[in-house]
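I am keeping these notes for a reader who comes to this structure without any background. I go through the topics one after another and write down what I looked up.

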Amino acid sequence: MSDLITAMEAGSAYIGEHSYRRVMAGDVESVRARLVYALESFDYRVLSDQPSLQARRAARKGLVGADYLDLSRKLIINLRPNSATATLATFDFTVVHAGIMTRGDRQTLEREADAIIALANARPAAGICAACGTENSGDSRFCRLCGTPNAVGEPAEIEVVRLTAGARAAHQEIVVGLAIMLGTVALSLPLIIFASGKGRSAGMILLVVGQLVAWWMLTYGVHRLHRTLNPKEAKQRPALSDNLVQPLPFAQASALPGASERASVTEGTTELLGVPSRER
């Protein structure tokens, strides 16, 4: 993996590594093809697929607004047959970051691997109608046989990894903000109380600057947590009634009688009273 680390972004001081193993259903070649599709859906650029999958993803946001999923990284997936119908996949992450890799960051990478696997497993069934089992094209909105809406959503693991990354980033920012607040108070109070002249002024400046930075970190962490729990562009899921209503075929719909134009029997009787008698 050392030759891949040298290809990461220049000037990065910290590189974290983490490995994660999961067993996937299917032989090695079928799992390889499904993983390539899933990696491209996660904005990875697949560099090679033989003998192991090698992919890279550039940083998607700036350092301030990014969580751990938005950092630049490389991913190597080694596939080994586990049985006749199962494959052992080893995910080796190499992440460029600005600090140490915490336990929460490793859990975020594991949730990302779970989301990649879930998306890879969900792809073959994306074009199968849930009502009649007819195979449809991947971009079809309705079944070509029964007309049932194709309401196949994303795997739940994708939402889990988004929530995990956002919550972890907000937690770290809140903890850092509290640490800065307590640290500046512990350093500045002795200067303010016991020092005199320039020492007291330095203590006051340290206290004010430290508190401003600490409150900014706390506010940003709370704001990130709010955005994570309340995303602006929430995906609208189809209602349950949409899946129960099926459109009738054209021939059957045309054979049905039209709807009555009269609202009630009384209105129809009233209209008959006003019709003049026909002349013989």
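Before turning to a helix, I note that the expected span of a helix is 1.5 Å times one less than its number of residues. The model I am reading is a predicted one.

**Entry 1, the length of α5.** I applied that rule to α5, whose 32 residues should span 46 Å at 1.5 Å a residue, and I found its end C-alpha atoms 47 Å apart, which agrees.

I then asked which residues of α5 are buried. They are G203, G210, Q211, A214, M217, L218, Y220, G221, R224 and T228, and what covers them includes α4.

Leaving out residues up to four places away in sequence, I found Q211 touching M181, T184 and V185. With T184 there is also a polar contact from side chain to side chain, at 3.2 Å.

I next traced the open sheet, in which five strands follow the order β1-β5-β4-β3-β2 with antiparallel pairing. The strands β1 (14–25) and β2 (45–48) stand at the edges with a single partner strand each, so one side of each has no neighbour in the sheet. On average, neighbouring strands are turned by 25° against each other, direction ignored. Looking at one pair, I found that β4 (residues 73–83) and β5 (residues 86–97) are joined in the antiparallel sense over ten bridges, and that S83 stands opposite A86 in β5.

Finally I asked which residues of the largest nonpolar core touch the most other members. Of its 34 residues, these are L35, I77, F91 and I116. At least two core residues come from each of β1, α2, β3, β4, β5, α3 and α4 (156–194), while α3 gives the largest share, seven residues. For I116, setting aside neighbours within four places in sequence, I listed contacts with L35, A38, L39, F42, Y44, L75 and F91.

Key: Residues numbered from 1 in each chain as written. Predicted model: local features only at pLDDT ≥ 70, side-chain atom pairs only at ≥ 80, totals over all residues. Heavy atoms only, no water. Pairing = 2+ DSSP bridges. Helix = DSSP H or I, 4+ residues; strand = E, 2+ residues; numbered from the N terminus. Axes fitted to C-alpha atoms, helices over the stretch in contact; angles between N-to-C directions. Core = buried A, V, L, I, M, F, W, Y, C linked by side-chain atoms within 4.5 Å. Buried < 20%, exposed > 50% of the residue type's maximum accessible area, 1.4 Å probe, protein only. Contact = heavy atoms within 4.5 Å. Polar contact = N/O pair within 3.5 Å; in protein donor to acceptor, adjacent residues only side chain to side chain.
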